[in-house]
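Welcome! Take a moment to look over the sequence and the 3D view, and then we will walk through them together.

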Amino acid sequence: MQTTASPSLPATRQTASVRAPGPARPYGRYLYLAINIAILVFLLAPIAIVVVFALNPTPFIQFPPVGVSLRWFEKFFASRDFMHALGFSLEVAVLTTLSATALGASAALALARGNLPGARLIVATMLSPLMLPAILTGLALFQTYVLLDVGRPTWGLVAGHTLVTLPYVVRTTLAVLHNFDLRLEEAAQNLGASPVRTFFEVTLPLIKPGVLAGAIFAFIVSFDQFPVSLFLVSPGNETLPVTLFNYLKFDLDGTIGAASVVSIVLAFVVVIGLDRTVGLRSYVKL
Amino acid sequence: MMKALGPLSRRRFLTASASLGIGTIAAPYVARADDPTLRITGWGGKWGDIMKAEIGPAFESEFKCKLQTDSAFPYLPKLQASSRSAPIYDVLHTNSNEQWAAAEMGLVEPKIDPKLVPNLADVYPYAISDKIVGVSIFTSAIGLGMRTDKGYSGVTSWKDLWDPKYNGVRGGYVIPVNSLGQAFLMMCGTLFGKGQTDLDAAYAALEKLKPIKIVDFTGAMEKMLLSGEVGMCVIHDSGIYRYDGQNQPTDFVSPSEGVLSLEQVLTITPGSKMKELANAYVNYMLRPEVQKRLAETVWYSPANKKVKLDAKYDAKLLTTPEKVSKLIQVDWKWYNERKDEIDQRVNRIFRA
Amino acid sequence: MNSTTATRPNGLALFILPSALLFALFFFLPIGLMAVMSVLTGNPVVMPKVAFTTKHYVRMIGDPFYLEVIWTTIRIGLVTTLVALAIGYPLAHWMARIKSRTGHALLLIAVLAPMLTGIVVRTFAWMTLLSDKGVVNETLMSLGFISQPLKLMYTETGIVVGLVHIYVPFMVLTLTGVIGRIDERLEQAAENLGASPLRAFLEVTLPLSVPGILAGSLLVFALAISAYVTPILLGGFQIMTLPILIYQQISANFNVGFAAALGIVLLVISLLLVVAYNRALGLVSGQRELQ
């Protein structure tokens, strides 16, 4: 019944399986779970530390914490620099997400379906911004902007961010497109739809979650992006990571913990919100 | 079917309107078109706080301008990459080592005109000596910082830093990127060799300094000292005294061989279009009342002889000609000429 | 997937143009500029007379220090990748196979959380954990297990730990997609034929997940060798990697030409890897690459 050589079913539906994940025998299963829990602890421990630190009133690294205090949160929210940086980071992240998603998804479509010559080479090239140290990309862009005498405008920063987030969108969209069951399109066309209509009514809705997953990565990476921003921000328009990094040079206190907690909460709201509305489950993959 | 437009096209539309939005946001850094803008650099932390809160606004209202401060260190690469006729800063504020490098590259004017900055007449000789480009508006003394609760006694000399009892809690700097570290290297030449330029003696001394924890900025050193990660370190007096009143178990030691000078230096870029305002700014920063306010906030020693600090600051900072004459100024021109090879050597020495 | 492949580009191919424009203006142009700067004596934009020179590259090859730095960078990258793979695979497997939607959401949050924290703060959190007065040492000392703090930071190990923490999510999210697409019924079939779960895994699941392993490893390695913030803070400035050296040359030596040359070297290393990865993928399976 399978017409394709690939041993997987269309990715639009997970196969129902009778057994729970992991090996069947109890010891093997416990080991599996234990390993995974340990890994989760490893992943989350530093986050917990950050939260503890954000609440500890002492103005330097200290363990065990001496108390619970909201002073760092107060300082963070009262700081014009941090608030402005937070807002600016969000603004840049949203703009970056929009442009990276638009450009990346369309590029992925072209690469998967457009029969471009040298498609593999083009894919590798599109992924290469990840390979180059971002600090060089940042400096190179700064140098170019100076050369073109455009200064350090916000769109220049957005362009830099788009460059380094585009690969993620391309990857997620390509992944979805590769597992796309062409028979669905064939069926639509057999039923009389034109290629354009098929594209808009079958293809696009089906790849939408993949594209959105890429958009999430673009948002996260842009919000957190440091080396490119370092050279491309201008006074008064700094992103949060740059402001934090500069702050760290002079003050190693809980304010950065507070900033971090706020960032996490914010990003969770975004991710969970999207998960509820769109259902990202199968598509938040690279 | 409107639905047929699909998410992709909607996104395209959003991108288009976003680009229009970006265009309006994207004006380069002129805040208000009418007020002239003076672009300077400045540190963050306590310096940045007081500049933003008091000194900056006072300057802006007196001179009817806007002050735009870049506090994203490093400054010099950005200045270097911008064109000579349209530099991204009008006034560069950084330490002596970088000012010398900037002067060598032609990025800043080596001398300030005393006719345009009258307050220059009132500064101590070190502030405009031949070891300085531009003018030093403040200085700090580089010496030893230590914990007072660990029973360290009898610390009087630079050479105490090499005492094995500080193994594991000794603090120093990443020499390639930090001027205290660089000045300290030259000090090692004086301590163990024939003088500041005796690099071989300095390298040998640095080898013997290990194990040592190194950081790139004094702020990090301050924190390590406060948390106890470090118990004895090279630091400037400001880094210890600025925690005055917080009952911290730290103290500053002026070694018997002398303290090194860590200058805060201002220079003007040759291509600046705001020369008048720039000179006014330098002059402003040398005013006694401005100097006093800044000195007492961050515990810098003011360069203006006429400044009268409150008693507790006066006692610890360098505020008399005799105290100031003991400052050791190093030859940055000489050092910068050899920086590449020194860095190469030092990176090797401090490899883990 | 193997419908008749047309050989001529169709209308969809035009969709590549916006990205191509972005890359041309904001990637190739600047990188080209960097490449040019790496063979010039100065910055032509600001200096009147510059000449071609190979001195930057000669300097790199001439001094074993730079080769050591390159090797350190690659070594840290490799170790990080392997550890991230070892840690990421079990988690990815669990995430791909878990049935409950809440469970999946929770796992997703746990995996994304490190990414969401922000690189500066995350590294700082590791400093809080690993420094001499940090959580681990203070806890161990107060429990009496050690009398002197363990040197957890200021070593390559510390850097690897920090980098793994940052990049495991990337590995997990790459692998979970691939593992999710492996039909579980294949594993079940193997077990029905008598294989133990472990053997079914080793002989069915693992080989089928190789494209994901390669993709994830490539991504993590590329990111690890270009990391800057984490190695500098967790290595205590005493471990020198290529990005750190590049940054130092730019910010403290103002030697843009040399920095550019170092950057080109890093880029070449990465590109060689992409080529190797594509070859390996082609050898391993007949599947189209899942970038």
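Leaving aside its neighbours within four places in sequence, which residues is C:Thr123 in contact with? They are C:Val229, C:Thr230, C:Leu233 and C:Leu234, where contact means heavy atoms within 4.5 Å. Please keep in mind that this is a predicted model, in which local features need pLDDT of at least 70 and side-chain atom pairs count only at pLDDT 80 or more, while totals for chains, interfaces and linings use all residues. Residues are numbered from 1 along each chain as its sequence is written, chains are lettered from A and ligands numbered from 1 in the order in which they are written, and side-chain values use heavy atoms, with hydrogens and water left out.

**A closer look at C:Thr123**

- You can find C:Thr123 in helix H5 (residues 119-130) of chain C; helices (H or I, at least four residues) and strands (E, at least two) are DSSP runs, numbered from the N terminus.
- C:Thr123 has a relative accessible area of 1%, so it counts as buried (buried is under 20% relative accessible area, exposed over 50%, partly exposed in between, with a 1.4 Å probe and protein chains only).
- The side chains of C:Thr123 and C:Thr230 make a polar contact at 3.2 Å.
- A polar contact is a pair of N or O atoms within 3.5 Å; within protein, one must be able to donate a hydrogen and the other to accept it, and residues adjacent in sequence count only if both atoms are side-chain atoms.

**Chain C as a whole**

- Chain C has 13 helices and 0 strands.
- Its C-alpha trace spans about 75 × 70 × 35 Å along the principal axes.
- Of the 291 residues of chain C, 62% are buried.
- Among contacts in chain C between residues at least 6 apart in sequence, 66% join residues at least 24 apart.

**Where chain C meets chain A**

- Chain C brings 114 residues to the contact, and chain A brings 102 residues.
- About 10200 Å² is buried between chain C and chain A, with 75% of that area from carbon and sulfur atoms; buried area is the accessible area (1.4 Å probe) that two parts lose on being put together, summed over both.
- There is 1 salt bridge between the two chains, and it joins the side chains of C:Arg122 and A:Asp224 (3.8 Å, N to O).
- A salt bridge is a side-chain nitrogen of Lys or Arg within 4 Å of a carboxyl oxygen of Asp or Glu.
- Helix H4 (residues 101-117) of chain C gives the most to the side of chain C that touches chain A, with 14 residues.
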